[in-house]
Amino acid sequence: MLLRGLSWLVLCQLLGTVLNALLLPMLPGPIIGMLLLFVFLLVRGEVGEPLSVASSSLLKYLPLILVPPAVGVMAYASDIAEDFWAVVGALVLSLLISLAFAGWLMQRLIDRQQRREEV
Amino acid sequence: MSLEWHNAWQALTHHPLFGIGITLGAYQLAMAAYERTRWVFLQPVLVSMLTVIGILLICGLGFTEYKRSVEALTLLLGPATVALAVPLFLNLRRIRQLFWPILITLIVAGTLATALGAGLAWLFGAEQLMLKSMAPKSVTSPIAMLVADQIGGIAALAAVFVMITGVIGAIVGPSVLRLCRVHHPAAVGLALGISAHAVGTARALQESDECGAFAALAMSLMGVITAVLLPLVFVLLL
């Protein structure tokens, strides 16, 4: 089950890599693979057992898979230290503003849709 | 006698499995600590990263050697990204009910989050390399790292910015939203998912199931849109 689902995921990524090399150099192969799988699921209308097992087990360990790339920051410690305040300031400010704005906008749009449905 | 100890130490730290060993160990410790305390600061990726860096520094190993040793693990990042299509598909029904509000919020607020991050960093005088690594900070790390790599930034830096953004968003997010009188679970979830990705989604799940589902939805859509559009925008602008 797990192996068959994994094969599907790998197949999608390999197809994505081929498409990336042939037609879409600006999109990463795995992202094209994800779009391919999404379209496939849309056409099929359901998630098969093998795919469901494979994707949930892989996504469960996503944080673990992300540890090695995150460790890569040790190679850039001095770059970050140089721009420390610019980086942290930009991150915090943009987060606060966009978070508040997203919530406010969504709330307004939902209220409007509900009012329209009541009329 | 001391010579043999030294040799054994060298054999241990330079073994091809050493990197995987410390990564697995650090991750399990971090998960246990997080599950016991449920403290938002103890994000498993962050804690494991710090632990692994600490061990590498103590053993005097460089990132290049570590990277070579954990290649088997890193290789799984691609299939894991592909697997994100499954939760996205499973959430389709919820998207249909609130289709326009979701789409409009996602595009407007998602653009704002990305442009504001890079714009402010530019205003504060950060370097090009930093800007490119910071642009995808609002999406979940695998996508952010892929995108940063694609537009000429550094994947590892992107991962760190993503983590900082997520952790701060999860800590202050719900109170900020309450201050702005945002109370619909869909709105709270969407805001957390758009701006604080996976960490925000984990926080939204603590609020309610509905809130969590919308956060997961916002996170995956934001990831796909960023992955598709951001490299295009950079190609057109530069």
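Modeller: Chain A has six helices and zero strands, where helices (H or I, at least four residues) and strands (E, at least two) are DSSP runs numbered from the N terminus. This is a predicted model, in which local features need pLDDT of at least 70, side-chain atom pairs count only at pLDDT 80 or more, and totals for chains, interfaces and linings use all residues. Residues are numbered from 1 along each chain as its sequence is written, and chains are lettered from A and ligands numbered from 1 in the order in which they are written.

Biologist: Why is chain A called more spread out than a compact globule?

Modeller: The radius of gyration, taken over C-alpha atoms, is set against a globule rule of 2.2 Å times the number of residues to the power 0.38. For 119 residues the rule gives 14 Å, and chain A has 21 Å, well over that, so chain A is more spread out than a compact globule.

Biologist: What confidence does chain A have, and where is it lowest?

Modeller: pLDDT is the predictor's confidence in each residue, from 0 to 100. Its mean over chain A is 86, with 97% of residues at 70 or more. Helix α5 (residues 77-82) of chain A is lowest, at a mean of 78, and helix α1 (residues 2-22) of chain A is highest, at 91.

Biologist: How many residues of chain B are in contact with chain A?

Modeller: Contact requires C-beta atoms, placed from the backbone, within 7 Å. By that criterion, 83 residues of chain B are in contact with 64 residues of chain A. Helix α12 (residues 155-179) of chain B gives the most to that side of chain B, with 13 residues.

How values were computed. Two residues are in contact if their C-beta atoms, placed from the backbone, lie within 7 Å.
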